[in-house]
Amino acid sequence: MNFQGSRRRGEDGIAMVIDFLLSNARLVLGVGGAAMLGIATLAVKRLIERAGRAADDEKVEQKMAESWEELSLVSASPTLIKKGIEGAVMKHVAKAARQQKDDLCQQPQVSKPESNSKRLQLCVLSLQERLQQYYHARAALAPREVLRAQSLALDICAEIQAFLHSRHPDMPLGEMSLGGSLLDDLQVVSADHACLLVPLQLEASLWRLIPGEETLLTHPLHWMVRRVNLEYFPRGRSYWDRHLVGCYLSAEAVLNMFSKSVMETINWPSIGSTMDCDVRPVLGGPDLRLEIRPRNEDGGGAESSDPPLFIAMLPLLRQEDVVLTAQPDLTSPWVNAWHLSLYPWETQRLAQLDAADDGCRRRSLKILKAVCRLNPALRLLEAAPLANLILHLSDSEGDWSETSLHARFQQCITELIGYLEQGVLHSYFKPAANLLSGLSEDQVDQMGFMLYCAVSEPEILLI
């Protein structure tokens with residue numbers, strides 16, 4: 001192709017290169033697998049951007065050469081995550097190239113100095129600086145916002161506990177408390193959900209907690225609670241005998257009981273009026289949730305524009321360091337199964353590691369959580385896989401200083417790609433549990449494409 005001539009001819013030549021790349025993309029990009037396909041999108045984008053910024057024909061040729069070199073560098077990239085990802089990626093490549101082409105055509109010839117200044121400022125930011133910016137803008141919550149959500153959750157907690165003590169005085173419950181990410185400073189984007197822990201008190205001589213590996217379910221996170229010593233202490237000796245299914249305490253039956261006695265019975269409008277907010281139970285779901293909507297401060301009674309706060313009641317059992325939760329959405333279809341919560345172990349371990357070396361593990365976790373929550377392709381990656389990713393990486397990587405945040409972030413992306421390729425991310429404390437088992441092939445494909453693009457350009461995750 002001849003790129004000598006006018007500036008316009010140079011631009012036409014670049015368009016021909018892009019068209020050639022896209023029309024022959026399978027041949028050009030099929031060797032390197034999904035990594036090559038993902039990074040090719042960025043190379044195409046850079047090729048067009050560089051061509052648009054070039055001042056003369058020689059720079060056009062130089063920038064084109066650089067972009068083709070980037071394409072050649074991806075030959076060592078990982079292989080396809082799944083068999084059908086290539087076609088999906090090709091569509092993204094073509095779409096990205098067309099979009100960039102249109103944007104260049106619509107760009108004005110003269111930009112305002114202020115716009116150029118802002119654009120230049122964004123360009124010179126390092127990944128480390130962008131991560132710090134992203135953390136303060138998206139991952140870290142304002143203390144006032146956190147305190148407001150905690151205060152509302154504790155007010156609701158006091159109302160529920162008082163109601164249960166008055167209506168069901170014989171129900172053996174421990175002290176209800178606030179738990180989860182809102183309490184542990186691990187919530188990101190907005191303080192929009194809270195968890196109220198409702199500990200059930202069991203007689204040690206009448207109940208036995210059975211590990212998942214010892215049950216018929218053979219799932220390491222699906223435990224069961226068996227009623228024992230029935231020959232000496234028949235049914236009825238324990239309050240919780242009324243929620244037995246077979247010889248096991250049913251998590252589903254316990255949840256149904258709380259749904260009827262709390263969610264459907266308490267006068268929520270009355271409580272909402274005393275708290276100056278609207279309180280509504282969210283019925284029909286797998287968990288016990290309340291929706292709290294603040295009212296305007298003008299006293300008119302209208303709802304505020306602030307986002308609602310969702311508060312979940314979580315019945316649980318504690319025995320030494322074992323915590324079992326009633327979460328049918330995680331243990332379905334087994335009505336008797338309780339979920340072994342590893343969240344306390346994971347959170348404690350991360351805090352211990354950071355305290356020992358003044359590390360940035362928790363900060364990295366919050367950034368990853370915010371990235372996954374705000375990116376539609378990664379939204380199904382929940383906190384547990386991300387926390388375990390960092391715990392595994394901490395065993396092999398010792399430098400978690402604040403200055404290495406960008407290196408650890410890029411390393412997390414690479415490690416996560418490897419886990420997705422294998423389809424397995426073992427729990428740090430329960431290696432037999434696969435934390436990616438709930439993802440479908442299509443979901444893995446979408447995540448893989450986004451992460452492969454981020455290998456070359458991690459900033460795309462911080463938009």
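**The overall picture**

First thing to keep in mind: this is a predicted model. The protein chain contains 16 helices and 11 strands. Of its 463 residues, 48% are buried. The accessible surface comes to about 23500 Å², and carbon and sulfur atoms account for 52% of that. If you take the contacts between residues at least 6 apart in sequence, 65% of them join residues at least 24 apart.

What's packed inside? In soluble globular proteins, nonpolar side chains tend to be buried together. Here, the largest nonpolar core has 57 residues, and the ones with the most contacts inside it are I156, I160, F258 and W338. Helix α8, residues 143-167, gives the most to this core, with nine residues.

Leaving aside neighbours within four places in sequence, I156 is in contact with L196, I271, M275, V279, L290, I292 and I311. There is also a second, separate core of 49 residues, which includes I367, I390, L393 and C453.

**Helices α12 and α13**

How do these two helices sit against each other? The axes of α12 (residues 343-357) and α13 (residues 361-374) come within 8 Å and cross at roughly 130°.

On the α12 side, the residues involved are T347, L350, A351, L353, D354 and D357; they meet R361, R362 and L365 in α13. Sorted by class, this contact has four nonpolar, one polar and four charged residues.

**The loop between β3 and β4**

Now for the stretch between β3 (207-210) and β4 (222-227), where G212 is located. Is G212 buried or exposed? G212 is buried, with a relative accessible area of 0%. Not counting residues up to four places away in sequence, G212 touches T218, H219, P220, H222 and W223.

One of those partners, T218, is found in the loop between β3 and β4 too. T218 is exposed, at a relative accessible area of 55%. Its phi is near 55°, a positive value in a residue other than glycine.

Over in strand β4 you'll find R227. Despite being an arginine, R227 counts as buried, at 2% relative accessibility. Leaving out neighbours within four places in sequence, R227 has contacts with L206, W207, F233, P234, R235, R237, S238, D241, L244 and C247.

**Around β11**

H339 lies in strand β11, residues 338-340. With a relative accessible area of 13%, H339 is buried. Setting aside neighbours within four places in sequence, H339 is in contact with L221, V323, L324, T325, Q327, L330 and T331.

P333 is in the loop between α11 (328-331) and β11. Which form does the peptide bond from S332 to P333 take? It's cis, with omega near 10°.

**Two partly exposed residues**

V189 lies in the loop between β1 (177-179) and β2 (193-199). Its phi is near 70°, a positive value in a residue other than glycine. V189 counts as partly exposed, at 27% relative accessibility.

T414 has its place in helix α15, residues 405-422. T414 is partly exposed as well, with a relative accessible area of 48%.

**Pairs separated in sequence**

Several of the residues above also turn up in C-alpha to C-alpha distances. Here they are with their separations along the chain:

| Pair | Apart in sequence | C-alpha to C-alpha |
|---|---|---|
| G212 and L340 | 128 residues | 8.5 Å |
| T414 and Y452 | 38 residues | 8.3 Å |
| R227 and D241 | 14 residues | 8.1 Å |

For R227 and D241, the pair is also in contact.

Terms used. Residues numbered from 1 in each chain as written. Predicted model: local features only at pLDDT ≥ 70, side-chain atom pairs only at ≥ 80, totals over all residues. Heavy atoms only, no water. Axes fitted to C-alpha atoms, helices over the stretch in contact; angles between N-to-C directions. Helix = DSSP H or I, 4+ residues; strand = E, 2+ residues; numbered from the N terminus. Contact = heavy atoms within 4.5 Å. Nonpolar A, V, L, I, M, F, W, Y, C, P; charged D, E, K, R; others polar. Buried < 20%, exposed > 50% of the residue type's maximum accessible area, 1.4 Å probe, protein only. Areas by Shrake-Rupley, 256 points an atom, 1.4 Å probe, with all protein chains shown as cover. Core = buried A, V, L, I, M, F, W, Y, C linked by side-chain atoms within 4.5 Å.
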